[in-house]
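Please read these points with the sequence and the model side by side. They go from strand pairing to a sheet, then to a pocket and a recorded domain.

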Amino acid sequence: MPVLAVDKPLNLTSHDVVNRARRARATRRVGHTGTLDPLATGVLVLCVDDSTKVVQFMEHDSKDYLAWVSLGAGTPTLDAEGPVDTTGTVPPLDGGHIREVLATFCGPQQQIPPQYSAIQLGGQRAYAVARAGGTLELPARNIVIHSLELLGVYPSVQAAPRTFSTVPDGWLPTPEGRTFTLPEPLGEFPTLLLRASVGSGTYLRSLARDLGAALGVPAHLAGLVRTRVGRYSLSSAVSLEQLAEAEGIPDLEALGFPRIEADERLALELRQGKRPRHTARGRQVVTLVGQLVAVVDGDGEQLKVVRAWA
């Protein structure tokens, strides 16, 4: 224990944050539930010590973002790392038309990941091949985009809001609140401010590329803040400086599945890897006197252990 939601700063990799956590918590056993790019900030969920056992159950959590998409300039990395390698004239932007285009991206679809990504194909990392001047034929992946909201259209990323506050349905620009740090802009390009809710495996950099293509211009992700991962919100995330003392969330609370309270016999059988009879269906958390025993899958007749705790 525990599970920690960390506010990742700009220009650090997810691995950098893991290393900071290892030093702060005096342990090698630290994992994260989903990578966040160096030029993105916001929620990175870490699992420490025995909590690394719950990583596999949190990797598919949905995520919310604030995204600044600059139009008229594309980059090889699809973000503000640059350099700009394609440009195009941006036509007058109409909010109604943009919202219609955004609606076409919502729902299940396929997305081609960025060349500069950690995806491995044929024993090669895509980013390593890209940095060497090559490309990999990355297959499209099945993703889900739950919602895309246009919060504003601005003449440049420099002119777009960076100060936000939380409201019941998410983060919105406000005169006062929290000011986010974005990467250095690559120029003055018309910029869309979006609020996105997406499923696991979705690349916002690829979305920026594809949104630009749908609007007929090159585009790149000029800034990105992850505001939520599963049940973990940016408003309650801790800073790197707070890592050593942060209490975090116990494993049991981190697992958002229905619970079965076991007796001694059922707990023992599950810990032995057996498949006891039970009427539960779907994924469940099994506890004994409030202590975590196992995560199981039920088919209405028996329980199959996915992961057990001693």
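1. Two strands count as paired here if DSSP finds at least two bridges between them. The model is predicted. With that rule in hand, look at strand β11 (residues 163-167) and strand β13 (residues 178-179), which pair in the antiparallel sense over two bridges. T163 stands opposite T179 in β13.

2. β11 also pairs with strand β12 (residues 170-173), in the antiparallel sense and over four bridges. S165 has L172 in β12 as its bridge partner. The link from β11 to β12 is a hairpin of two residues. When you trace these strands, keep in mind that side chains in a regular strand alternate between the two faces of the sheet.

3. Next, find the open sheet made of four strands, in the order β17-β18-β19-β20, with mixed pairing. Why is one side of β17 (259-261) and of β20 (303-308) left without a neighbour in the sheet? Both strands stand at the edges and each has a single partner strand, so one side of each has no neighbour there. From one strand to the next, the twist averages 35°.

4. Within this sheet, β17 and strand β18 (residues 281-288) run parallel and are joined by three bridges. I260 stands opposite V286 in β18. Helix α7 (residues 264-271) lies across β17, β18, β19 (291-299) and β20. The helix α7 runs at about 75° to β19.

5. Now turn to empty space. Rolling a probe the size of a water molecule over the atoms shows where such space is left. The largest pocket has a volume of about 1,000 Å³. It is lined by 35 residues, and the closest to its centre are T35, L36, D37, A118 and Y203.

6. Which elements each supply at least two residues of the lining of the largest pocket? They are α1 (14-25), β4 (63-71), α4 (126-131), α5 (204-215) and β15 (219-229). Sorted by class, the lining of this pocket has 11 nonpolar, 14 polar and 10 charged residues.

7. One point comes from a record. An unreviewed UniProt entry carries the annotation "domain: Pseudouridine synthase II N-terminal" for residues 22-154. Over residues 22-154, the chain in this model is 18% helix and 36% strand. The end C-alpha atoms of residues 22-154 are 41 Å apart.

Terms used
Residues are numbered from 1 along each chain as its sequence is written. This is a predicted model: local features need pLDDT of at least 70, side-chain atom pairs count only at pLDDT 80 or more; totals for chains, interfaces and linings use all residues. Side-chain values use heavy atoms; hydrogens and water are left out. On a 1 Å grid over the protein atoms alone, a cavity is a set of points where a 1.4 Å probe fits but cannot get out, and a pocket is an open set with protein on both sides within 12 Å along at least five of seven lines; lining residues have an atom within 4 Å of a point. Grid points are joined across faces, edges and corners, and a volume is the space filled by probe spheres set on the points. Ala, Val, Leu, Ile, Met, Phe, Trp, Tyr, Cys and Pro count as nonpolar, Asp, Glu, Lys and Arg as charged, and the others, Gly among them, as polar. UniProt positions are given in the numbering used here, feature names are shortened, and annotations may be inferred rather than shown by experiment. Axes are lines fitted to C-alpha atoms, for helices over the stretch in contact, and angles run from 0 to 180 degrees between N-to-C directions. Contact means heavy atoms within 4.5 Å.
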